[in-house]
Amino acid sequence: MSFVFQLLSRNIGKDLINCPALLWPLIAAGDQPPGVTFSIATADPDTARAAVSAGARAVLVPVEDDFALADRMAVALSVAEAELGLADGVLSLILEISGPATALHLGRHLPASRRLAAIGIDLDGFGRGAAGAVDAPRTVAAGLVALASAALHLPAYLTGAASLSPSGKPAIGGFTHLLVDADGVARSPLASPPWRSPTDISR
């Protein structure tokens, strides 16, 4: 399944920094590259390198335990740049907090990669209270992500069930971006009404 990720131009490659905002197709590992600049969601360095060769310029890494996967990906992206003759720093890293352990790590130290272009949280990786409600564990975890993004001066995105308010904005304060599909509909199955305007979100 393909998604579009709206990402401001901070910390991305020199050839893209003149764009005030980007809509990058965000594809999962195994999806067909769209033939334009895109991001790929994977924690596998080999998959990421193949995607970079096909045009990817950012990798979204979901992390559930600690930042080791993201650290390894940052190294892999440096190697890929050298091997493919790309400018240093042209490849970006998007960090998605997908479990409680990583959220707790954010409370102790911040990820330090200069490649970080955005940080987000997938609420589906956390326990849930009443159906459709954002309960205390997810609120605390989301708060840690929002604080980390503010400290790092990076865009913060929210995804997963109950990530949208009825108005179509992120349901938790501190977040400026959402993951959306190719039609601009947010990835939040409990959202009502669907959010359909990715260009409305700005930092």
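Predicted model: local features only at pLDDT ≥ 70, side-chain atom pairs only at ≥ 80, totals over all residues.
Arg115 is buried, with a relative accessible area of 3%. Arg115 sits in the loop between helix H3 (100-108) and strand E6 (116-122), while Glu81 belongs to helix H2, so the pair ties together parts that are 34 residues apart in sequence. Glu81 is buried as well, at a relative accessible area of 2%. Buried here means under 20% relative accessible area, so the values of Arg115 and Glu81 both fall in that class.

Now step back to the whole chain. The protein has four helices and eight strands. Read from the N terminus, the elements run β-β-β-α-β-α-β-α-β-α-β-β. There are 203 residues, and buried ones make up 49% of them.

Return to the charged pairs. Side chains of opposite charge can pair when their charged atoms come close. A search of the whole structure finds three salt bridges.

Another joins the side chains of Arg49 and Glu83, at 2.6 Å from N to O. Arg49 lies in helix H1 and Glu83 in helix H2, so this bridge ties together parts that are 34 residues apart in sequence. How exposed is Arg49? Arg49 is partly exposed, with a relative accessible area of 32%. Glu83 is partly exposed too, at 48%.

There is also a bridge between Asp88 and Arg114, whose closest N and O atoms are 2.9 Å apart. This pair links distant parts of the chain, 26 residues apart. Asp88 is in the loop between H2 and strand E5 (92-97), and Arg114 is in the loop between H3 and E6. Are these two residues buried or exposed? Asp88 has 51% relative accessibility and counts as exposed. Arg114 counts as exposed at 52%. The cut-off for exposed is over 50%, which means that Asp88 and Arg114 both pass it.

Next come charges on the surface. Which residues gather in a patch of negative charge there? They are Glu64, Asp65, Asp66 and Asp71. Asp66 is placed in the loop between strand E4 (56-63) and helix H2 (68-84). Its relative accessibility is 34%, so Asp66 counts as partly exposed. A patch residue needs over 30% relative accessible area, so the 34% of Asp66 meets that condition.

Two buried polar residues complete the walk. Thr42 is in the loop between strand E3 (38-41) and helix H1 (45-53). Thr42 is buried, and its relative accessible area is 7%. What lies 3.0 Å from a polar atom of the Thr42 side chain? It is the backbone nitrogen of Asp44.

Ser149 is found in helix H4, which spans residues 136-152. At 2% relative accessibility, Ser149 counts as buried. A polar atom of the Ser149 side chain lies 2.8 Å from the backbone oxygen of Ala146.

Methods:
Residues numbered from 1 in each chain as written. Heavy atoms only, no water. Patch = residues over 30% accessible without salt bridge, like charges linked within 9 Å, V, L, I, M, F, W, Y side chains within 5 Å. Areas by Shrake-Rupley, 256 points an atom, 1.4 Å probe, with all protein chains shown as cover. Salt bridge = Lys/Arg side-chain N within 4 Å of Asp/Glu carboxyl O. Lys, Arg positive; Asp, Glu negative; His and termini not counted. Charge placed at Lys NZ, Arg CZ, Asp CG, Glu CD. Buried < 20%, exposed > 50% of the residue type's maximum accessible area, 1.4 Å probe, protein only. Polar contact = N/O pair within 3.5 Å; in protein donor to acceptor, adjacent residues only side chain to side chain.
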